[in-house]
Amino acid sequence: MGQTDSRTFEGRVVQILSGHSRSVLHCEFTPDGTVLATCGADKTVLLWNVASGELIRSLQGHAAEVTSCCFYENILATSSKDKTVVLWLYESGRRASRLAIHSGPVLSCSISSSGQFLASCSEDKSIGLFKFQPGSGAFINGSDMKKLSGHLSIVNDIKFSPNGSFLASASQDKTIRIWETGTGTCAIVLDDPFGPVLKLRYSPSGDHMISLSSPGNFVSVWNTESNMVDNVLEANNGREIQNIAITSDGRSTIGLSKDNKITLWTKMTRKCTPELRTTQHKKGVNAMAITHSDCCVATADGEGLVLIWN
């Protein structure tokens, strides 16, 4: 696809958050959009007031890079290369549970929309699936843990389907596995057309899933009913995408790249021309979070800087 004009990312930077000393690897808004969590290579998790840009608190307890985070009600789950997942009562900053079932670095964690399940994935090729009990006490019962095996290499990412019935996992073995959440059974194995699968996102309606494959020039759009690739979104001039996002209305796919730019695909069709946007980032755009109302976007980069756009 041809190069389009590179325009500034639409929106206005309303907050510049500087608190991490190293690369920010993931960021996530609370469901009401008032708090932003950022986590990174400096082993910390920072909680920010979105409206004021003030740092609320720093959560420290991981012994290595914090790779991802996700909210459910009063709980924040974080995964780390220290081989653990930690559950925090984030409003008080108290650590409630520490899960250590993986033998390798944990690369991602996710909580189902119903709050019934928590999942984690690791370089040890496995997936942890936990029956989740939100509240103020012990969140995980030891008898409700399952270890899902089947991938032949590192599991890079996991995402629950919007209705929570399925868990999708992306692996370095060039496959996506779809697991039944209730039983932990692998329902189907999808062979990626391009290579190792790095990232996954479901559309809000659940009728599509997008995946990013290495080396990052293509985003596949999967039909979740037929389990086939409907479309392939190609980045401008071989641009390497390192992460993906999707808007809450499901209409736009977003690619984040190391050259500090954002690629927008406003449709999920083969003839959709990518639109390029520039940002104020200087060390690549690593992660993006979008509020449920699409009114606020956070972007994070390789030098620890986070921007909030209105």
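I start with the pockets, then take the sheet, then the backbone.

A note on conventions. This is a predicted model, so to speak of local features I need pLDDT of at least 70, and side-chain atom pairs count only at pLDDT 80 or more, while totals for chains, interfaces and linings use all residues. Residues are numbered from 1 along each chain as its sequence is written, and side-chain values use heavy atoms, with hydrogens and water left out.

The largest pocket has a volume of about 1,100 Å³. A pocket here is an open set of points on a 1 Å grid over the protein atoms alone, where a 1.4 Å probe fits, with protein on both sides within 12 Å along at least five of seven lines; lining residues have an atom within 4 Å of a point. The volume is the space filled by probe spheres set on the points, which are joined across faces, edges and corners.

Of its 39 lining residues, Glu28, Lys159, Arg201, Ile290 and His292 are the closest to the centre of the largest pocket. Strands, which are DSSP runs of at least two residues numbered from the N terminus, contribute to this lining. E3, E7, E11, E15, E19, E23 and E27 each supply at least two residues, and E7 has the largest share, with 5. By class, the lining has 20 nonpolar, 14 polar and 5 charged residues. Nonpolar covers Ala, Val, Leu, Ile, Met, Phe, Trp, Tyr, Cys and Pro; charged covers Asp, Glu, Lys and Arg; the others, Gly among them, are polar.

The second largest pocket holds about 490 Å³. Of the 18 residues that line the second largest pocket, Leu25, Leu107, Asn156, Lys199 and Gln242 are the closest to its centre. That lining divides into 3 nonpolar, 9 polar and 6 charged residues.

Now the sheet. An open sheet of 4 strands runs E2-E29-E28-E27, with antiparallel pairing; two strands pair if DSSP finds at least two bridges between them. The edge strands are E2 and E27. E2 and E29 pair over 5 bridges, and leucine 17 stands opposite valine 306 in E29.

Last, the backbone. Serine 214 and proline 215 are joined by a cis peptide bond, with omega about 10 degrees. Proline 215 is in the loop between E20 and E21. Lysine 174, in the loop between E16 and E17, has a positive phi near 75 degrees. Most residues other than glycine have a negative phi, and most peptide bonds are trans.
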